[in-house]
Amino acid sequence: MKTKKAQHEMVGFALIIIVVAILIIVVLSLTHNKKTDFEESPLASSFLQSLLYQTTNCSINYGSNFLSIRELTKACLADEDCEDGNSACALLNSTIDKILNESFQVGEKYPLKSLEFKITHSQNQFLYSSNLGNQTNSSSSRGSMQEFENGIKFYLDLYY
Amino acid sequence: MKKAQMKIQQMAFMLIAVTIFFVLVGMFFLTIKMATLKKDAAFLKEQEAKLLLDKLASSPEFSCGTSFDEQIPNCIDFDKVMVLKSKISNYSKFWGVSNIEIIRQDTKSTESCTPQNYPDCKILSLMNENAEGISVSNFISLCRRSSIMQDPYNYCEVAKILITYNEN
């Protein structure tokens, strides 16, 4: 009789543990799903907005009318060359590389562990793509996307 | 020991075990919550910087307006800010901040901006360079009129704005 009662109590305790374990799993799966959602970053958004208007060294037939990154991207898509003979795409790559390196401190000793920058157009083809740092050390990410004419999209993801 | 005492002891042990179990579960959730709290704090700081920047960038003393052919978001007129620096004593309490610093990214110079070295300089500090307090930063478009062979053109670049303020 005594053993049966003790068994009942143990079953009750086990039931409590099982119910709480199920609750933990449900809450964990919900928070995990939340993490995979895209989170907008005001910093990335401001950077992309400013970058689109950055003046480059490229002019096409207009003397001192230098193209902005936005215009240079369109020139790259049209496979045009700058007046100095450089291809628009080569200048786009070197200009963005330089600005990214100057604007962000990326690495294990900094809060920003890595960043991913890419420019795509309507056919989802890459016009530019760059990764700085190591994403595996990051615990969270936020980013931004800017879209303008011809389906050109600028993406910047920051991994902290 | 009597049967009733035995029962009470059994119940007490059971209550202690259940309490410890729930405390451990609570601590587990608290750790998860604290991790997201840090993330939320970083996000709020970014948003705060953006709001403060929007307020400053849209004020006529900084804003590019339509001076550069088109409306550029978060645009600061470098020429205007240089002039503002010489009259900053009139604006010491106007924005409620201790210092506003504009840091150019696309330059090899490390010098502070003065009328003599402008625009070949790195940092334009508007108020007190050594101001202490909370600092927030964000990216802006920094635009100015430039010229090549006496042919004027608009030059915009990515720059950082650093705003320092006191909580009180």
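## Contacts and extent of chain B

In chain B, 62% of the contacts with a separation of 6 or more join residues 24 or more positions apart; two residues are in contact if their C-beta atoms, placed from the backbone, lie within 7 Å. The model is predicted: local features need pLDDT of at least 70, side-chain atom pairs count only at pLDDT 80 or more, and totals for chains, interfaces and linings use all residues. Residues are numbered from 1 along each chain as its sequence is written, while chains are lettered from A and ligands numbered from 1 in the order in which they are written.

Chain B holds 2 helices and 5 strands (DSSP runs numbered from the N terminus: H or I of at least four residues for helices, E of at least two for strands). From the N terminus, their order is α-β-α-β-β-β-β. Chain B is more spread out than a compact globule, because its radius of gyration is 28 Å, well over the 15 Å that the globule rule gives for 168 residues (taken over C-alpha atoms; the rule is 2.2 Å times the number of residues to the power 0.38). The C-alpha trace of chain B spans about 105 × 30 × 30 Å along its principal axes.

## A helix pair in chain A

Helix α3 (residues 69-77) and helix α4 (residues 88-103) of chain A pack with their axes 8 Å apart, at an angle of about 140°. Residues making this contact include Ile69(A) and Leu72(A) of α3(A), and Leu91(A) and Leu92(A) of α4(A).

Terms used:
Axes fitted to C-alpha atoms, helices over the stretch in contact; angles between N-to-C directions.
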